[in-house]
Amino acid sequence: VLIVVLDTVRYDRFSQNNFARVPALHQFAQQGVNFSNAWANSSWSLPSQATILTGVPPYRHDADWPDLSLRPAVPTLAGFLAQNGYVAGAFSSNSAWITPEYLGRDFLRFQAYTFENHLRRTTQGRVLNRIAERLGFHSAGIGRKAPTVNAQFLRFLDAYPDRPFFGYVCHMDVNQASNYAQLHRPFWSPAATLEEILGA
């Protein structure tokens with residue numbers, strides 16, 4: 001069982017005209033089922049993806065403001081599959097919200113962080129982070145790209161060759177590119193235009 005999330009990618013970006021840019025997805029879509037009337041349960045990543053992993057809306061799983069973490073009593077897809085012999089791994093490039101402390105319950109492995117993520121969370125790192133952001137080095141938009149996340153997932157599969165698997169893979173490349181275009185500029189520079197952000 002494999003779930004791949006392309007965070008911040010709208011369905012209409014994969015219309016017939018745009019599918020030509022990603023032929024592998026086009027081919028995959030032709031072989032599967034397409035849902036043209038599907039809606040996210042929330043306007044942001046954490047509660048939306050928590051719903052994917054639990055099958056219940058945000059007001060039931062609680063992974064939304066202000067609690068953020070999954071309600072302990074809510075079963076997860078990873079837990080159900082693990083009880084049935086599956087090995088469950090999650091691999092996320094959204095190191096702000098799709099992380100082990102919020103959604104990691106029942107996964108054998110949940111990889112989301114880089115060394116820089118850990119450094120920015122220290123007391124000294126938080127101070128340096130504020131200075132760096134003022135100088136145009138914002139943490140949003142920096143993170144692991146799809147090839148790195150995919151390689152981690154494939155190494156996970158190689159470690160359990162004889163087990164059925166549940167893989168949850170969250171890519172943030174589009175989100176990272178738009179955040180980079182918008183936020184990676186020093187305080188004395190003009191704000192990014194909408195065209196610059198969307199063109200990233």
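**An enclosed helix in a predicted model**

Nine of the ten residues of helix H3 (residues 45–54) are buried, so the rest of the structure largely encloses this helix. Buried means under 20% relative accessible area, with a 1.4 Å probe and protein chains only. Helices (H or I, at least four residues) and strands (E, at least two) are DSSP runs, numbered from the N terminus. This is a predicted model, in which local features need pLDDT of at least 70, side-chain atom pairs count only at pLDDT 80 or more, and totals for chains, interfaces and linings use all residues. Residues are numbered from 1 along each chain as its sequence is written, and side-chain values use heavy atoms, with hydrogens and water left out.

The buried residues of H3 are Ser45, Leu46, Pro47, Ser48, Gln49, Ala50, Thr51, Leu53 and Thr54. After H3 comes Gly55, which has a positive phi, near 80°.

The wider view concerns the whole protein chain. It has eleven helices and four strands, and buried residues make up 38% of its 200 residues. Among contacts between residues at least 6 apart in sequence, 57% join residues at least 24 apart. The C-alpha atoms fill a box of roughly 55 × 45 × 35 Å, taken along the principal axes.

How values were computed: Buried means under 20% relative accessible area, exposed over 50%, partly exposed in between (1.4 Å probe, protein chains only). Contact means heavy atoms within 4.5 Å.
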